[in-house]
Amino acid sequence: MQGRPQAKDKPSGPGLTPKLQVALRVNGVERRVSLRPWTTLLDALREYLDLTGTKKGCDHGQCGACTVLVDGRRIVSCLTLAVMKDGAEITTIEGLATNGELHPLQKAFISHDGFQCGYCTPGQICSAVGLMAEGHAKTADEIRELMSGNVCRCGCYPNIVAAIEEVMHGTLPGSSP
Amino acid sequence: MIDFDYVKARDVSDAVSQIARNPAAKFIAGGTNLIDLMKENVAHPARLIDITGLPLTEIEDTKAGGLRIGALEPNSDLAYDERITRRYPLVSSALLAGASAQLRNMASTGGNLLQRTRCLYFYDTDTACNKREPGSGCDAIGGFNRMNAILGWSETCIAVHPSDLCVALAALEAIVHVSGSKGDRAIPFADFHRLPGDTPQIDTNLARDEIIIAIELPPEGFPSNYSYLKIRDRLSYAFALVSVAAGLKIEGDAIKDARVALGGVAHKPWRVPAAEQSLVGQQPSRRAFGDVADIILQGAEGFAHNSFKIELARRAIVRALEQAAAATPQSQFVKAIV
């Protein structure tokens, strides 16, 4: 599947390392794409698969805005080469809702005002999904520490922790994390 | 980024023969440091050899009574492994003090040893850095050197090794198992990383055609009396100004064995076995721990922005040993230092 012009596909020109065929299962759908080895998973998602929900913040693994789930584990997609994830199952923010119903964490971020500008939010929510799957956080202190890879410049941290706590402890009406 | 080509290694011997044939190639596993360095134009391998398919993720008991950790075991899996948390909680604590949950999910055990310094000048290609470009000079020495070394530095380089895990592995006297063109060998942890001397571009004693295959932990893990105390500018997701891995073996009132390693202060995890020996037979006390700190920090010398780290390190050593002696290790979640 070919997306937009290859803005991030630098350097460009003839004589470069040829593209490689990569098969990614993204949000449950098999996607085949031809990529140079230096294309990150983040750029593959945004520039080749038109999944722009995943955000590019620092592009150096320091902000967490690009967090997605690979085979169920949260990782930063900006420091991941797409060719190294051939055959992997990728879940992005676009893949969390089911049958048009938002994921409990998406609902909780809305009800708790867990964002202002929203730029970090897809990464925050994917990271929180990973956090809950890992099962190591129980207390607010543990949530804060294990979410420290996701930076929020609007400073919505108290509301983000409250949203995660609510879903984690199953107190959101109709939620089943 | 830069142009490079990409291949997968089929097995360890294929990985070794590929790296031996391609002087401009590098292995890639988690990629959390290497890809960043490539984006910054600090590292420019012509080829990446993907080793993530190699079967190096087992954690196995050794005949000696220790553990052997496959080099590709992710940091997060290692930190939460029951054998590690029970027998080597210092390793678990150090891992959880470092990076973020996402990066720990990606980063490998072997790769952690091979990460490069985060010295600002190493990353900034507009500045002089002997580690990045041998012979160009060191702009950190007269520059902003808050994060730089106070021990073991040279006139050519004052960078520090950034790892937390390695500080714990140094304290535990881990062994690095490597495979290369000339066969397999085991490198004691103290001999794995190097001081900068006049070749700061060489971080470790791993040969170019060698690959780390496992890290071995000796039987003694100091599970009852340990602490990993990390002091940093931000309470999470920041590199250490100073960190201390402490382990004590206490029988009755007396210390039978002691280990102290420092992070954030030198080009490699810093240990002074003679200082540790001075504790053997003594009762745990602030005074005894202060004496140890003084021995460890002998010769420490800072620069314009980091001389405070000498006193900070002294206090951190004493506090970490007190935490270890009291069996109240530093929590990596509740950040108050008690």
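Helices (H or I, at least four residues) and strands (E, at least two) are DSSP runs, numbered from the N terminus. This is a predicted model, in which local features need pLDDT of at least 70, side-chain atom pairs count only at pLDDT 80 or more, and totals for chains, interfaces and linings use all residues. Residues are numbered from 1 along each chain as its sequence is written, while chains are lettered from A and ligands numbered from 1 in the order in which they are written.

**Chain A: layout**

Chain A has 5 helices and 5 strands. Their order from the N terminus is β-β-α-β-β-β-α-α-α-α. Chain A has 177 residues, and 48% of them count as buried. A residue is buried if 20 or more other C-beta atoms lie within 10 Å of its own, exposed if 12 or fewer, and partly exposed in between, with C-beta atoms placed from the backbone.

**Chain A: two domains**

Chain A divides into domain 1 (20-95) and domain 2 (104-168). Such bounds come from an automatic or database domain assignment. The centres of the two domains of chain A, taken over C-alpha atoms, are 21 Å apart. Across the boundary, 16 residues of domain 1 of chain A are in contact with 13 residues of domain 2 of chain A. On the domain 1 side, the elements giving two or more residues are strand E3 (67-70) and E4 of chain A. E3(A) supplies the largest share of that side, 3 residues. By class, the domain 1 side holds 6 nonpolar, 7 polar and 3 charged residues. Here Ala, Val, Leu, Ile, Met, Phe, Trp, Tyr, Cys and Pro count as nonpolar, Asp, Glu, Lys and Arg as charged, and the others, Gly among them, as polar.

**Where chain A meets chain B**

At the interface, 29 residues of chain A are in contact with 26 residues of chain B. On the chain A side, strand E4 (73-76), H3 and helix H4 (140-146) each give two or more residues. That side has 13 nonpolar, 10 polar and 6 charged residues.

**Two helix pairs**

Axes are lines fitted to C-alpha atoms, for helices over the stretch in contact, and angles run from 0 to 180 degrees between N-to-C directions.

| Helix pair | Angle | Axis separation |
|---|---|---|
| H2 (104-111) and H3 (121-134) of chain A | about 130 degrees | 10 Å |
| H11 (286-296) and H12 (308-325) of chain B | about 135 degrees | 9 Å |

H11(B) is therefore oblique to H12(B). H2(A) and H3(A) are oblique to each other as well. Angles under 35 degrees count as roughly parallel, over 145 as roughly antiparallel, 65 to 115 as roughly perpendicular and the rest as oblique.

H2(A) passes H3(A) in a right-handed crossing. A crossing is right-handed if the near helix is turned clockwise from the far one by less than a right angle, and left-handed if anticlockwise. A:Leu105, A:Gln106 and A:Phe109 of H2(A) meet A:Thr121, A:Ile125, A:Ala128 and A:Val129 of H3(A). These contact residues are 5 nonpolar, 2 polar and no charged.

In chain B, H11(B) also makes a right-handed crossing with H12(B). Its contact residues include B:Phe289 and B:Ala293 of H11(B), and B:Ile317 and B:Leu321 of H12(B). The class count for this contact is 7 nonpolar, 1 polar and 3 charged.

Chain B is assigned domain 1 (5-52) and domain 2 (227-325). Their C-alpha centres lie 36 Å apart.

B:Val167 sits in helix H9 (165-171) of chain B. B:Val167 is buried because 30 other C-beta atoms lie within 10 Å. Leaving out residues up to four places away in sequence, B:Val167 touches B:Ala94, B:Ser243, B:Ala245, B:Ala261, B:Leu262, B:Gly263 and B:Pro269. Between the C-alpha atoms of B:Val167 and B:Tyr228, 61 residues apart along the chain, the separation is 9.0 Å.

**Two asparagines with positive phi**

Most residues other than glycine have a negative phi. A:Asn99, not a glycine, has a positive phi of about 50 degrees. A:Asn99 is in the loop between strand E5 (89-91) and H2 of chain A. A:Asn99 counts as exposed, with 4 C-beta neighbours inside 10 Å.

B:Asn41 has a positive phi near 60 degrees. B:Asn41 lies in the loop between helix H2 (34-39) and strand E3 (47-50) of chain B. B:Asn41 is exposed, with 12 other C-beta atoms within 10 Å.

Terms used
Contact = placed C-beta atoms within 7 Å.
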